[in-house]
Amino acid sequence: MELQAAKMIGAGLACIALAGAGNGIGIVFGNYLSGALRNPAAASSQTTNLLLGFALCEATGLYGLVIALIILFT
Amino acid sequence: MAINPMEQFEIHRIGPPLHLFGYDVSFTNQSLFMCIVVALVTLFFALGVSRPKLVPSRLQSMAEVSYEFVANMIKSAAGNDGLVFFPFVFSIFFFILFSNFLGLIPGAFTVTSQIIVTFSLTVLVLGTVVVVGFAKHGIGFLMLFVPKAPWYIVWLLVIIEVISFLSRLVSLSVRLFANMLAGHTMLQVFASFVIALGAAGAILKPLAIAPMLMILFVGALEMLVAFLQAYVFAVLTCIYLNEALHLHGEHH
């Protein structure tokens, strides 16, 4: 039972990864918006980079989820 | 009323058990949905371009737009000589896109939520990158791992570059897998809230509308993620191919 409890705590701790992912997504969209408002003409050419940055950031949070699942189910 | 949100990812055997060289090669729901995805993609493009007209029909223009979309993606990320790999990137993009969207249909199995599928795709992509790199540059492909830097820092950078190249194998496969797994698990968890509240009694029953609305929003977000992950996988494939084609990124 003790190991089970430790696993639960570990899986919960792995969710801290979400803090970094949230920060990252905020930085990506915030910087895109501030850049786009300064130079709206160049904004549409950078949507590829925006989406790429968003997806890469979001994925780092999900690595935390994978680690949580590995902890819980092994 | 406990619902296991992981139950949707279980692989069941359909039809008789089959064994080949000691491996279990039975037809499963996974293989069934992979076949459906391939059939849907083939049907979509075969119907789309079967009777081409100068003024395209809706289906034809969808097929044409998706062709141009992928072609522009390769051109911007890997230059014009990257277009040799158009069929490769196109197939990977549409396989992932259709399996992501097919998985969003309630009750359907998500092919890309299995790590082995995404990992096989990643091995295919990075294998192609390595083979193309060695075929084009010979042993000079190894210069990919040697950036321009002073001699006293270069040995450290080589180690970092090699590790970062190898970690692509994990990052590319786990990104797609984890996104699909997380989204579908989240939908299932909210769905179990609806069932639990609905069974809880007359006072709590109206509250079930809140997680139901949440399912709607998460579903919309999942549509975005389904497209975005297929797109990111394809763009990263192009970027890696670009590195294999033009060692230190001197395309245009």
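Trainee: What are the ground rules?
Mentor: This is a predicted model: local features need pLDDT of at least 70, side-chain atom pairs count only at pLDDT 80 or more, and totals for chains, interfaces and linings use all residues. Residues are numbered from 1 along each chain as its sequence is written, while chains are lettered from A and ligands numbered from 1 in the order written.

Trainee: Why is Gly53(A) called partly exposed?
Mentor: Count C-beta atoms, placed from the backbone. Buried takes 20 or more others within 10 Å, exposed 12 or fewer, and partly exposed is in between. Gly53(A) has 19, so it is partly exposed. Gly53(A) lies in helix 4 of chain A. Its C-alpha is 6.4 Å from that of Val28(A), 25 residues apart in sequence.

Trainee: Which residues of helix 4 of chain A are buried?
Mentor: Among them are Ala55(A), Glu58(A), Leu62(A) and Val66(A). Their cover includes helix 1 (2-14) and helix 2 (17-38) of chain A, together with helix 5 (151-198) and helix 6 (209-245) of chain B.

Trainee: What makes a residue part of the contact between chains A and B?
Mentor: A C-beta atom within 7 Å of one in the partner residue. The contact takes eight residues from chain A and ten from chain B. The chain A side has eight nonpolar residues, no polar and no charged. Nonpolar means Ala, Val, Leu, Ile, Met, Phe, Trp, Tyr, Cys and Pro; charged means Asp, Glu, Lys and Arg; the others, Gly among them, are polar.

Trainee: What makes a set of residues a nonpolar core?
Mentor: Its members are buried Ala, Val, Leu, Ile, Met, Phe, Trp, Tyr and Cys residues, joined through C-beta atoms within 7 Å. The largest has 48 residues; Val89(B) and Phe233(B) are among those touching the most other members. Helix 6 of chain B gives the largest share, 14 residues. Val89(B) touches residues including Val70(B), Ile74(B) and Ala234(B).

Conventions
Two residues are in contact if their C-beta atoms, placed from the backbone, lie within 7 Å. Helices (H or I, at least four residues) and strands (E, at least two) are DSSP runs, numbered from the N terminus. Lists of a residue's contacts leave out its neighbours within four places in sequence.
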